[in-house]
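Please keep the sequence and the coordinates at hand while reading.

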Amino acid sequence: MNRHVNAIAGRLSLRAPQRQSLEILDRVTELSLPRKDADLEAALAAIRAEFPSVTDFERDFPSLCFALATGVGKTRLMGAFIAYLHLAHGLNNFFVLAPNLTIYSKLIADFTPNTPKYVLKGIAEFAISPPVITTGDNFERQIASGGNLFPVTINIFNISKINSEVRGGRSPRIRSFKEEIGDSYFDYLASQNDLVLIMDESHRYRATAGVRAINELKPVMGLELTATPFVETTRGPSPFQNVIFDYPLGRAMADGFVKEPAVVTRENFVAAGKSPEQLQQIKLEDGVRLHESVKVELETYARQVGERIVKPFMLVIARDTTHAAELMTLVKSAAFFEGRYADKVIQVDSSVKEEETIERLLKVESPDEPTEIVIHVNMLKEGWDVTNLYTIVPLRAANARTLIEQSIGRGLRLPYGRRTGVTAVDRLNIVAHDRFQEIVDEARKPDSAIRLQQVILTEEQLQQKTITVESRPQLAAKLGLRSDTAANGASSFQEAPTEFTHEEQQVVRIAYDVIRKMETEPSRLPGVAHLQNPEVQAAVLREVQSQYRPAQMELEGIAKQPDLTAIVARTVDLVVQQTIDIPRILVTPKGEVKSGFHHFTLDLSRMRYEVPNETLWAAHLRTGQVDRIGLGAGNIDEQKLEDYVVSGLVDFDDVAYDEHADLLYDLASQVATHLLATHPEDGVRKILRLHQKEIARFVHAQMQSHFWQDTEVEYEVVVTRGFTALRPSAYTAAAGEQPLDFRTSPADKSNMSKYLFGGFARCLYPVQKFQSDAERKLAIILEREALKWFKPAKGQFQIYYKWGADNPEYQPDFVAETRDRIFMLEPKAANQMTDSEVLAKRDAAVSWCKHASDHALGHGGKPWTYALIPHDVIAENMTLEGLGCGIDAAARDCPERDTMEGKK
């Protein structure tokens, strides 16, 4: 595989489907080099032989479609394609087509350096000399200034503009003669020998006048991207014949790259007897109530984990422009929640100039932009790549399939780029009371876009079976200790042979049990090397002698007796050789720890609940999970409004009623007063009863910023074990397949975790799995430079870090011992080095390493050093010393101080 694929995939942090697309492009360029006037039939035959889904280019040049679900990242993939074709093949001219003004403006922003979503960030060659961005608005100025003559030019044009000029009988401006280049810009581009055509939302470029004209550009290659690789005809959808990679919506949902869509209705809702106007009013009002609930959940999550606060908005789909105007009037009126959304709604359709709303639309993600409701007809079908759309209210008549596919297409993107595990933050709500069952039934159909996943199994895969592989520490195998693995396991996978005879193994087992018991006596055995002290070894021997019994009573002198002294000495030597000192550390206060929360004023600016009427049901379309969002039967009616908030807060472990009663009622009073400013008391009671838990979480998240603790209390570091035995690891692997040689990179790096690697000489386990190719390269470095190393199994370290209101366990990636120190190594994607959770883990690990070093240095051991290493600096020619700059910097970034994580 071309080395540029790995570099680009790493620098741009490509997701698995994006990387797979780039690998396919790399392979295609091997099968058919991108060049002018290529033999189309020969190129098609070569590509079709390996990618049978490509039956026709459907263009006058080689053109391939990458069908990626909405939300997976097509624009970033465009950037990866451009970077690859430039770096690997020297192509310098690119022509990007946008189907409308919204996408056109977005593409210009995304390809412009120093913008928030710049798609080429991380490509070093473009950081030095960024591509020139030539657009349909500035190409004439670029020509005049010579800008189009720069090494790499990315042309971005709006096809709808070209289409309108062609339909008007005029020649497009791009066809006009320009004296500066002695030709039209169109003909200038057509004369280039390396022009690549990239078509965003390529289903919009079939059989139009503008695209027929664009075909005359004769590019060396066309790359099409769309989430819908078919054209609607009178006979139904006609699929593309040039799809080379298909990653449908069902797979994107299953892989966690997008939100989970759910259809929402009221509990026990019956549409019969309700007029269309009544249904519309109910859906709009319930949509707003749900929107306000999601708003609080998003702020709570952000405050808990230290992320930016996301402001959600609600999308209302109107029947036509007249209906959109009526909805706009309704939402702005005093009759709709007393006019509270009058200045928070915008209308986007053909009745309003698109240019006038583009800027506000693109800013709708900003928490400072006021828009919370967007009303549109069909102008936003593609390209509006917002991540904060959480509630959709479709009011336009459409069949269930169309409702699903068009509605969710705009709201699937995740605001944090990943699932959070919080249902409300990861869910897209479609409010469709009267269509609830119809949409659920449609989603359950086998060919639904929600469920449909393309899984093509080869004959080899059909015959393949998997097994559980237990990777025991090499020490256990060398000592001859039996495994208790299940019958289908493969515990002997590449394990070292035992170094003891069958008769000696009974003695070995006794000796090892004695050593394990000594682990709990750190004063006597502060580290594994102390086992070789004569007095310690003598104590082990005495215990072995007292416990050892021959297999059967034999007359002395007839059967040869094992040499207990020699066996104990050899056992001790193996334990020392095959163990890295990992102490068990507890940090406990010497006296009473006083803590609490300061009084403060809540930020309630984003809390604007509306009075609920009914309990809502949200049915997840893919999984069938049902969330009840409403008045739970188990909620207790409280006498005072404040009691709802207080009773929710005292459920948190760090809130004690007796110690915090005054503060709790003060905060609860603030919430009640805030809600009473806009609602009557009975309405506030309904709100508090319905949203009690989420309001409590919202308040508790803000309390964390006002937590105090007595800093005068001294803490004592207690080491309960000087070292701990290594825990076994378990993996799933293909039956009959041998582990790969860790020195060789596998062909498919997008799914590294499926491979089992072996061939190690200094690893304390026979086989290991790696989550990335950077981890595999780090193993090569450690095999060369460390005395011993391993990837810890879950539970090996007891390190906990603060993450929101939780204290999860941190599991380091690597541990390695050299001649003078022990490293805790954490390779991390370069773009995640400053992630708040990564830094929280780092802080806890550095604190643990300090305590471990203090213990080790006090008993002649080796100090610990924590290393947070960006993946893109890890290469086989690097040394641990070479990586040491990053190691030292990581340690310095985190002050060596006692942290709460070690005190759990």
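The charged end of Lys-791 sits over the ring of Phe-814, at 4.5 Å from the ring centre, where sitting over a ring requires NZ of Lys or CZ of Arg within 6 Å of the ring centre and within 35 degrees of the ring normal. The model is a predicted one, in which local features need pLDDT of at least 70 and side-chain atom pairs count only at pLDDT 80 or more, while totals for chains, interfaces and linings use all residues. Residues are numbered from 1 along each chain as its sequence is written, and side-chain values use heavy atoms, with hydrogens and water left out.

**Charges over rings and aromatic pairs**

- A further charge over a ring is that of Lys-259, whose charged end lies 4.2 Å from the centre of the ring of Tyr-390.
- Phe-814 also belongs to one aromatic cluster together with Phe-742, Tyr-755, Phe-757, Phe-760, Phe-770 and Trp-789; rings of Phe, Tyr and Trp (its six-membered ring) pair if their centres lie within 6.5 Å, and planes under 30 degrees apart count as stacked, over 60 as edge-to-face and the rest as tilted.
- By this rule the count comes to 24 aromatic pairs, and one of them joins Phe-597 to Phe-707 in an edge-to-face arrangement, with 5.6 Å centre to centre and 70° between the planes.
- Because Phe-597 lies in strand β20 (residues 595-597) and Phe-707 in strand β23 (residues 707-709), this pair ties together parts that are 110 residues apart in sequence; helices (H or I, at least four residues) and strands (E, at least two) are DSSP runs, numbered from the N terminus.
- Phe-597 is buried, with a relative accessible area of 7%, whereas Phe-707 counts as partly exposed at 38% relative accessibility; buried means under 20% relative accessible area, exposed over 50% and partly exposed in between, with a 1.4 Å probe and protein chains only.
- Phe-760 and Phe-770 form an edge-to-face pair as well, with 6.4 Å centre to centre and 85° between the planes.
- Both Phe-760 and Phe-770 lie in the loop between β27 (757-758) and α27 (773-785), so their pair ties together parts that are 10 residues apart in sequence.
- Phe-760 is buried at a relative accessible area of 14%, and Phe-770 is buried at 0%.

**The open sheet**

- An open sheet of 4 strands runs in the order β28-β31-β32-β33 with mixed pairing, where two strands pair if DSSP finds at least two bridges between them.
- The edge strands of this sheet are β28 (788-790) and β33 (864-870), each of which pairs on one side only.
- Strands β28 and β31 (residues 814-817) run antiparallel and are joined by 3 bridges, and Trp-789 has Ala-816 in β31 as its bridge partner.
- Leu-825 lies in strand β32 (residues 822-828) and counts as buried at 0% relative accessibility.
- The C-alpha atoms of Leu-825 and Ile-869 are separated by 7.4 Å, although the two residues are 44 residues apart along the chain.

- Strand β8 (residues 221-226) is mostly covered, since 6 of its 6 residues are buried.
- In a regular strand the side chains alternate between the two faces of the sheet.
- In β8, Met-221, Leu-223 and Leu-225 are buried on one side, and Gly-222, Glu-224 and Thr-226 are buried on the other.
- Strand β1 (residues 63-68) runs parallel to β8 and is joined to β8 by 5 bridges, with Thr-226 in β8 as the bridge partner of Ala-67.
- Strand β7 (residues 195-200) likewise pairs with β8 in the parallel sense over 5 bridges, and Ile-198 stands opposite Leu-223 in β8.

**Backbone with positive phi**

- Ser-13, which is not a glycine, has a positive phi of about 50°; Ser-13 is found in the loop between α1 (3-11) and α2 (16-31) and is partly exposed, with a relative accessible area of 26%.
- Glu-58, also not a glycine, has a positive phi of about 60°; Glu-58 has its place in the loop between α3 (40-50) and β1 and counts as partly exposed at 29% relative accessibility.
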